[in-house]
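Reader: I would like to walk through this structure with you, one question at a time. Could you show it to me before we start?

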Amino acid sequence: MHARITRTFLAAAAAGATVATMGLAAAGSAAAATTAHRVNQPFSGGPPVYTAPCSNSIGFSSNAPTTFPFGLGGCAGYAGSNRTFRYAQSIIRIPQTNVIPLTGTVGGNANGNAYQAPTLYVGLSSSDSMASAGLMTCANFVAVFFGADTNPPVGNPCRAVSGAGTALNPFIYPNIWVGVGWTAANNGASVLSSVVNLTGVSPGDGVKFQIYYPEGGAAHFTITPPVGSATSFQLPSSGTFNAVFDHAEAVVAYSASRTCLTDTNGTPNIDCNSPAGGGHTADFSGFPMLAPGAAPSTVDLRITQFQAGGWTTNAGVRGTFSGAGGKWTLTPGVLTSNGVAPPGGTVQVEPAYLWNDGLGSGAGDAFGVWWRH
């Protein structure tokens with residue numbers, strides 16, 4: 001595997017009957033509205049966990065039990081707990097470009113905004129391992145899984161557009177969203193990933209992500225775009241993962257997003273989570289590491305919707321995100337300016353209440369995630 005993993009994500013524990021037999025709705029398109037009034041309804045689930053954005057302590061967060069599984073990773077969404085899980089799924093909507101723009105500049109190069117985009121994913125997690133799948137920009141995918149100064153291999157849809165070889169311009173990658181599945185073990189010491197090209201998708205389209213983990217084996221992933229064929233793969237191929245996932249999540253996470261910084265040698269470096277490497281001698285003192293800040297708008301912006309969502313326990317108990325009937329404990333995660341609940345902190349990104357999207361999964365299978373102004 002590629003060695004330079006700058007920081008690992010949090011993920012979710014979810015489980016289920018096999019991917020083939022879940023029988024839930026496939027991905028589709030929707031012209032989702034991106035602006036609205038503040039959602040004043042209460043959160044679903046129990047009391048929320050408040051997290052700070054782009055923290056220095058991103059990871060599986062066994063050292064931060066008060067915030068696990070969200071940890072300090074700048075996450076907003078929902079997590080299930082008090083069960084062990086084997087399956088997770090959701091349709092995740094591609095953000096509108098007026099909400100998450102994918103054009104801009106970093107260090108004089110194109111695609112700066114792509115580095116500031118969040119990761120949108122569902123998955124399975126424990127204190128030291130994870131299996132997740134969701135949407136990333138190519139810029140963040142390359143920076144996280146290949147290192148900010150290295151190109152992915154030939155044939156990868158996120159290969160740098162500046163030419164062949166390695167150590168080329170680390171800032172220029174296609175302005176596109178891709179589907180990514182990944183696993184991590186031993187607190188991120190071993191990380192594997194696979195990326196799926198989502199050619200032809202547009203903002204508002206839904207991409208379906210499914211993860212199935214038979215205990216003690218490889219994690220099975222299926223990524224289904226609204227048009228075209230599904231792509232299935234397994235990670236790790238060795239089948240020696242041996243994880244027990246005690247949490248399930250569906251979140252928007254800024255833990256992998258980058259802020260444009262400059263190293264002490266004067267070289268632009270957007271890899272805010274890795275202070276050295278690739279020939280850089282980095283000094284991040286005095287630079288803000290907070291993302292995303294307040295929404296760049298006079299109204300709240302809906303980043304995405306999670307739909308047709310569900311988790312399944314190792315015992316075969318299936319449910320929507322809500323876990324109605326005591327299937328599991330549901331906890332909302334809210335991202336604030338400093339990881340402190342209001343009024344001590346300012347809400348930046350938060351989930352709305354759960355609802356029924358009518359796609360066949362049932363009550364509590366969908367929610368939106370909002371960027372607050």
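**A covered helix and its disulfide**

Author: Gladly! Helix α2 is mostly covered, with 8 of its 8 residues buried (helices, H or I of at least four residues, and strands, E of at least two, are DSSP runs numbered from the N terminus; buried means under 20% relative accessible area, exposed over 50%, partly exposed in between, with a 1.4 Å probe and protein chains only). This is a predicted model, where local features need pLDDT of at least 70 and side-chain atom pairs count only at pLDDT 80 or more, while totals for chains, interfaces and linings use all residues. Residues are numbered from 1 along each chain as its sequence is written, and side-chain values use heavy atoms, with hydrogens and water left out.

Reader: What covers the buried residues of α2?

Author: The residues in question are Cys 138, Ala 139, Asn 140, Phe 141, Val 142, Ala 143, Val 144 and Phe 145. Contact here means heavy atoms within 4.5 Å. The cover includes α1 (112-115), β8 (130-137), β9 and β10 (190-197).

Reader: Which residues form a disulfide, and how far apart are their sulfur atoms?

Author: A disulfide is a pair of cysteine sulfur atoms within 2.5 Å. By this rule the count comes to 1. The partners are Cys 138 and Cys 158, with their sulfur atoms at a separation of 2.0 Å.

Reader: Which parts does the pair of Cys 138 and Cys 158 tie together, and how many residues apart are they in sequence?

Author: The disulfide is formed by Cys 138 and Cys 158. Cys 138 lies in helix α2 (residues 138-145) and Cys 158 in the loop between α2 and β9 (177-185), so the parts tied together are 20 residues apart in sequence.

Reader: Why is the disulfide of Cys 138 and Cys 158 left-handed?

Author: Cys 138 is buried, with a relative accessible area of 0%, and Cys 158 is buried with a relative accessible area of 0%. The disulfide is left-handed because the torsion about the S-S bond is about -75°.

**A buried charged network**

Reader: Which residues do salt bridges join into one network?

Author: A salt bridge is a side-chain nitrogen of Lys or Arg within 4 Å of a carboxyl oxygen of Asp or Glu, and the structure holds 2 of them. In one, Asp 300 pairs with Arg 372, the closest N and O atoms being 3.0 Å apart. In another, Arg 372 pairs with Glu 350, the closest N and O atoms being 2.7 Å apart. Through shared partners, the network joins Asp 300, Glu 350 and Arg 372.

Reader: Is Arg 372 buried or exposed?

Author: Asp 300 has 1% relative accessibility and counts as buried. Glu 350 is buried too. At 1% relative accessibility, Arg 372 also counts as buried.

Reader: Where does Glu 350 lie, and how many residues apart in sequence are the parts that it and Arg 372 tie together?

Author: Arg 372 forms a salt bridge with Glu 350. Arg 372 lies in the segment after β23 and Glu 350 in strand β22, so the tied parts are 22 residues apart in sequence.

Reader: How many bridges join β22 to strand β23?

Author: Strand β22 (residues 347-351) is mostly covered, with 5 of its 5 residues buried. Two strands pair if DSSP finds at least two bridges between them; β21 (residues 329-336) and β22 do so in the antiparallel sense over 2 bridges. In β23, Val 369 stands opposite Pro 351. The antiparallel strands β22 and β23 (residues 367-371) are joined by a number of bridges that comes to 3.

**A loop and a hairpin**

Reader: How far apart in space are Phe 241 and Met 130, C-alpha to C-alpha?

Author: Phe 241 lies in the loop between β13 (231-235) and β14 (247-253), and at 10% relative accessibility it counts as buried. Leaving aside neighbours within four places in sequence, its contacts include Met 130, Thr 183 and Tyr 213. Phe 241 and Met 130 are 111 residues apart in sequence, and their C-alpha separation in space is 9.6 Å.

Reader: Which residue takes a positive phi in the hairpin of β12 and β13?

Author: Strand β12 (residues 219-224) runs antiparallel to β13, joined by 5 bridges, and Phe 221 stands opposite Phe 233 in β13. The hairpin has 6 residues between the strands, and the residue with a positive phi near 95° is Gly 228.
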